[in-house]
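Have a look first, then read on.

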Protein chains: 4
Amino acid sequence: MPLSPFIFQLAPSSGVPIYRQLMEQINRMTASQQIKAGDYLPSVRQLATELDVNPMTISKAYGLLEAQGTLKRVRGKGMVVVESTQKQSIEHRLNALNPLVNDLIKQCQQLDIDQDQVLNWLKEQFKKEWI
Amino acid sequence: MPLSPFIFQLAPSSGVPIYRQLMEQINRMTASQQIKAGDYLPSVRQLATELDVNPMTISKAYGLLEAQGTLKRVRGKGMVVVESTQKQSIEHRLNALNPLVNDLIKQCQQLDIDQDQVLNWLKEQFKKEWI
Amino acid sequence: MPLSPFIFQLAPSSGVPIYRQLMEQINRMTASQQIKAGDYLPSVRQLATELDVNPMTISKAYGLLEAQGTLKRVRGKGMVVVESTQKQSIEHRLNALNPLVNDLIKQCQQLDIDQDQVLNWLKEQFKKEWI
Amino acid sequence: MPLSPFIFQLAPSSGVPIYRQLMEQINRMTASQQIKAGDYLPSVRQLATELDVNPMTISKAYGLLEAQGTLKRVRGKGMVVVESTQKQSIEHRLNALNPLVNDLIKQCQQLDIDQDQVLNWLKEQFKKEWI
DNA sequence: GTGGTCTAGACCACC
DNA sequence: GTGGTCTAGACCACA
């Protein structure tokens, strides 16, 4: 029963609701099969403690993922990833980055940064920051 | 001639408050001097109509930018960019992209996409989407 | 125990915006440490009811005091005075009265009242009205 | 025809509407007979130029003072102080300072300044600032 | 319960 | 025409 080897990173002051941040991260991890069918997610209380967040917030995220069909509630055991999830194609996963990249492009233009500058800088940043 | 040649793009469902999106965009445009000292911003009502948003929302953004020292109220004429703003260095502007890039890196890892894949794809996307 | 032992006095017809009156009074009370670091201000809704004012007006004042660095939002608990505030020197606090005193002097001159007359009268008034 | 020997002092950013500041100042000057029955006020245009204010603002103040019975419009000559005004008693004029003094007392209390401190300081300020 | 955001609509002061 | 202030009421995120 893999409890919480998952890396969740929250940005509390980003304006994006915490439950949405959680949902998006879990969705990405199922898309990449870092969480597979049958895996159990950390319990509401455990994750709440770990992230220093109200348990109701975790519960809300789990509830919505259940409604969306990604998770299933198992009485007495917790939330389990449903069997239908499978690793999505690389194209599909890259496309999930589209909103972020469009934002990036828009911000570059507003900051008057050109393509080569930002691409070179991104390469550097990736080398530095990639864990 | 306080027209509105500025391109504001809102993401209403992003969770980021509209007034914040506006503030950030205006801050970026002053950082790149696409809006220069002495320029007039579009009027509250005009921008509200253009973006289909309540005037008070625009007004809140302008008011906070005034409190922050970026804009100044000119009676009967509108909001003008203060004189002290100047174009910021390319390093400074690239650093403004940091939060977005950290997000990008995090999402790639959660989607199990490796560095070369994403960098190549970014190059393509930039060529396609850059206006 | 975020109660409301603070006395706010509004002058609705003074022309000074309500949110500004609130901000000024709160600033004075932190300057004199009648509100100390860690104290909770009355909730938006409570103060709105108490002062018979729209909640958004209170909220605007609190929001600006937060932007100004005097208050901090604590999720689910309310607005708390930040730790950095300290009692300001008597000189500093007296100087805060400058605009009012300049106004007083100007009005005396326009009313053809001389210095001794007004100073004696002020002494009396202070004795009578001081709570 | 005494044109504009009057000293008007405006505080444009005080939040008090300019037309009200004007009205109050003119009322004080009639109360003290610094402006007497039969005196002509400066013309709208002249005062507007002098104070760097929109003529409509002056006009509004004059109009309200006319409605209030203090001034009278004389065709082709301007606004004249009506005959009924007379110098008011010193008590009456001191009472006109009441709102300001109540404000002063309130601010002192909120700033935790005691009576003797403020009275001594006021004496000094009066000596320094009185023109 | 807490604060935050947004809307629709009114009125004010000033150019 | 410009921005500013306020209201009444709705909905959201979080404790």
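Q: Which residues are the closest to DNA strand E?
A: Keep in mind that this is a predicted model. In it, 27 residues surround DNA strand E. The closest of them are B:I18, B:Y19, B:N54, B:R75 and C:M56.

Q: Which elements of chain C give two or more residues to the surface near DNA strand E?
A: Chain B gives α1 (18–31) and α3 (55–67), and chain D also contributes with α1 (18–31) and α3 (55–67). From chain C, the elements are α2 (44–51), α3 (55–67) and β2 (78–81).

Q: How many charged residues does the surface near DNA strand F have?
A: There are 27 residues around DNA strand F, with A:I18, B:M56, C:I18, C:Y19 and C:R75 coming nearest. By class, they divide into 11 nonpolar and 9 polar, and the charged ones number 7.

Q: What is the distance from a polar backbone atom of C:I18 to a phosphate oxygen of DNA strand F?
A: For context, a polar backbone atom of B:V44 is 3.0 Å from a phosphate oxygen of DNA strand F, and a polar side-chain atom of C:T57 lies 2.8 Å from one. For the backbone atom of C:I18, the distance is 2.3 Å.

Q: As by what kind of axis are chains A and B related?
A: Chain B can be laid on chain A with an RMSD of 0.2 Å, using a turn of 179° and a shift of 0.1 Å along the axis. The two copies are thus related as by a two-fold rotation axis.

Q: Which residue in the turn between β1(D) and β2(D) has a positive phi?
A: Strands β1 (residues 71–74) and β2 (residues 78–81) of chain D run antiparallel, joined by 4 bridges, and D:L71 has D:V81 as its bridge partner. The two form a hairpin with 3 residues between them. In that turn, the residue with a positive phi, about 80°, is D:G76.

How values were computed: Residues are numbered from 1 along each chain as its sequence is written. Chains are lettered from A and ligands numbered from 1 in the order in which they are written. This is a predicted model: local features need pLDDT of at least 70, side-chain atom pairs count only at pLDDT 80 or more; totals for chains, interfaces and linings use all residues. Side-chain values use heavy atoms; hydrogens and water are left out. Copies are superposed by least squares on the C-alpha atoms of residues with pLDDT of at least 70 in both. A residue is near a molecule or strand if one of its heavy atoms lies within 4 Å of it. Two strands pair if DSSP finds at least two bridges between them. A polar contact is a pair of N or O atoms within 3.5 Å; within protein, one must be able to donate a hydrogen and the other to accept it, and residues adjacent in sequence count only if both atoms are side-chain atoms. Ala, Val, Leu, Ile, Met, Phe, Trp, Tyr, Cys and Pro count as nonpolar, Asp, Glu, Lys and Arg as charged, and the others, Gly among them, as polar.
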